Amino acid sequence: MADTFIVRASAKGLRLSPRKVSLVAGLVRGRTVADALTILQYTPKRAAKPLAKLITAAKANAVNNSGLQEDGLVITQLQVTAGPRLKRFNPAAMGRALPYQKKASHVLVEVTGQVKPKKTEKPAAKPAAAKKEAK
């Protein structure tokens with residue numbers, strides 16, 4: 001039985017509205033990493049590129065740092081929350097100012113997979129010629 005691990009990657013302060021990022025995140029939540037990257041490649045939304053980059057980072061963390069199998073990775077959690085807001089003003093008629101906010105998002109990706117089986121190496125046998133010379 002192989003062990004399963006959870007690996008995380010996050011992007012904080014992504015300068016996209018959480019509502020818009022959540023729409024794209026809903027497309028790939030619960031899918032395998034390979035399927036998610038294919039879907040995001042053909043999604044015509046601005047949030048698709050940063051999400052694909054984040055999923056690729058989670059995949060790299062899983063394979064390189066945790067030693068998980070690349071082909072069996074599944075996105076178990078894809079969470080989008082509100083980040084800090086930049087509050088700004090637009091000039092309006094008669095000396096007024098109209099407020100608006102530039103929203104940002106925090107995105108967390110959790111990937112689950114199975115650990116690669118360890119290779120058991122047998123000690124190298126000495127060649128027959130070397131055995132005869134040793135005697």
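**Calls and cut-offs in a predicted chain**

From the N terminus, the elements of the protein chain run β-α-α-α-β-β-β-β-α. This is a predicted model: local features need pLDDT of at least 70, side-chain atom pairs count only at pLDDT 80 or more, and totals for chains, interfaces and linings use all residues. Residues are numbered from 1 along each chain as its sequence is written, and side-chain values use heavy atoms, with hydrogens and water left out.

Reader: What makes a run a helix or a strand here?
Author: DSSP runs decide: helices are H or I with at least four residues, strands are E with at least two, numbered from the N terminus. The protein chain has four helices and five strands. Strand β2 covers residues 74–82 and holds Leu78.

Reader: Why is Leu78 called buried?
Author: Buried means under 20% relative accessible area (exposed is over 50%, partly exposed in between; 1.4 Å probe, protein chains only). Leu78 has 4% relative accessibility, so Leu78 counts as buried.

Reader: Which residues does Leu78 touch beyond four places in sequence?
Author: Contact means heavy atoms within 4.5 Å. Leu78 touches Ala25, Val28, Arg29, Leu51, Val107, Leu108 and Val109.

Reader: Why is Thr43 called buried?
Author: Thr43 has a relative accessible area of 14%, so Thr43 is buried. Thr43 sits in the loop between α2 (33–41) and α3 (48–65).

Reader: What lies 2.6 Å from a polar side-chain atom of Thr43?
Author: The backbone oxygen of Ile39. Beyond four places in sequence, Thr43 contacts Leu27 and Ala48.

Notes:
A polar contact is a pair of N or O atoms within 3.5 Å; within protein, one must be able to donate a hydrogen and the other to accept it, and residues adjacent in sequence count only if both atoms are side-chain atoms.
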